[in-house]
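Please read the following points alongside the sequence and the model.

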Amino acid sequence: MVNGVNLLARIEGTRTPDLVMVVSAHYDHEGIKGGEIYNGADDNASGVAGLLAVAEAFKAHPPEHTVILAALDGEESGLQGARAFVAAPPVPLAAIALNVNFDMISKNAKGELYASGGGPQPFLQPILQGLAAKAPVTLKLGHDTDAEGKSNNWTMQSDQGAFAAKGVSWVYFGVEDHAEYHKPTDDFATIPQDFFLKAVATVVEATRLLDGQLSGIAKAAGR
Ligand SMILES: [Zn+2]
C-alpha cells in the first residue's frame, strides 16, 4: 500500500464564486525502474508547468468563477489521485462545472496539440473551435469518441476520466504518443521548447475562455 498526495490550490471567482472549474495535471510518473530514472518531462512535467502557468495567469487577472488547481498523484497507477478527488471533493461535486486536464502537452512531430471533449459534449465544441482558430499551436479536436476506434478514444486515458465517470464535464489537452512515451528518454533534452511554450500559451488561453463560458457550460450540462 502506497499513499499518494494531491496538491490543491484555490483562486476565488470574482463574479460567480459558487461555480467551480477544476484545472488538473498529474505530477506522478514511473519512478525508477531497472535502475533507470523516468523523469517524465512530457508525461507530465509539461502538464504541471501548464497548470502553474494557469495559476500565474489567474492570480494576475482573477477568474470570474472559482478555479481549483489540482496537481494530482497516482495517475499512472489508474487515475488514483483523480478518483480520490472526485470521491471526496473539496467543494460539492454539483458545484464543479468543468474539469480541464493537461497530460503531455510538450511534444509532437507535427506540432499538433489535441483538445478532447467536444465530441461527446457538443456544447463545448464551439468554444474549442474558437480556441483552435486563434491558438498558437495547431489545435486539433477529437480523440473523444469510439468512432475513431476504441483505443483512440482518450476519455478514460487520463485524469479527466474520473470526472467523466462522475458526470462532470471535461476537456483534455494532450499530444499523441511519441517515441519517448514512458521511456527514460522522456527528459528535458527531448522537449521541443518552441512547441512547448506555444502549447502552454494555448492552455492558458483555453482556461480563460472556458472560465468566461462556465455558466453556460454548467447550464448546457444540466448542472
Ligand atoms: Zn500522463
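This is a predicted model: local features need pLDDT of at least 70, side-chain atom pairs count only at pLDDT 80 or more; totals for chains, interfaces and linings use all residues.

Why is the arrangement of the 4 donor atoms around the zinc ion irregular?

1. The angles that these donor atoms subtend at the zinc ion run from 54 to 149°, which makes the arrangement irregular.

2. Residues are numbered from 1 along each chain as its sequence is written, and side-chain values use heavy atoms, with hydrogens and water left out.

3. The zinc ion is coordinated by His26 (NE2), Asp43 (OD) and, through two OD entries, Asp103, at 2.0 to 2.6 Å; donors are N, O and S atoms within 2.8 Å of the metal (3.2 Å for Na, K and Ca), and sites may look incomplete because water is not among the atoms. Along the chain the donors follow the spacing H-x16-D-x59-D. His26 belongs to strand β2 (residues 16-26) and Asp43 to helix α1 (residues 41-60), so the pair ties together parts 17 residues apart in sequence; helices (H or I, at least four residues) and strands (E, at least two) are DSSP runs, numbered from the N terminus.

4. Both His26 and Asp43 are buried, meaning under 20% relative accessible area with a 1.4 Å probe and protein chains only. In β2, 8 of the 11 residues are buried, so this strand is largely enclosed by the rest of the structure.

5. Strand β2 pairs in the parallel sense with strand β5 (residues 65-72) over 8 bridges, where pairing requires at least two DSSP bridges between the strands. Thr16 stands opposite His65 in β5.

Notes
Four donors count as tetrahedral if all angles lie between 85 and 135 degrees; four count as square planar and six as octahedral if opposite donors are over 155 degrees apart and all others between 65 and 115; anything else is irregular. Buried means under 20% relative accessible area, exposed over 50%, partly exposed in between (1.4 Å probe, protein chains only).
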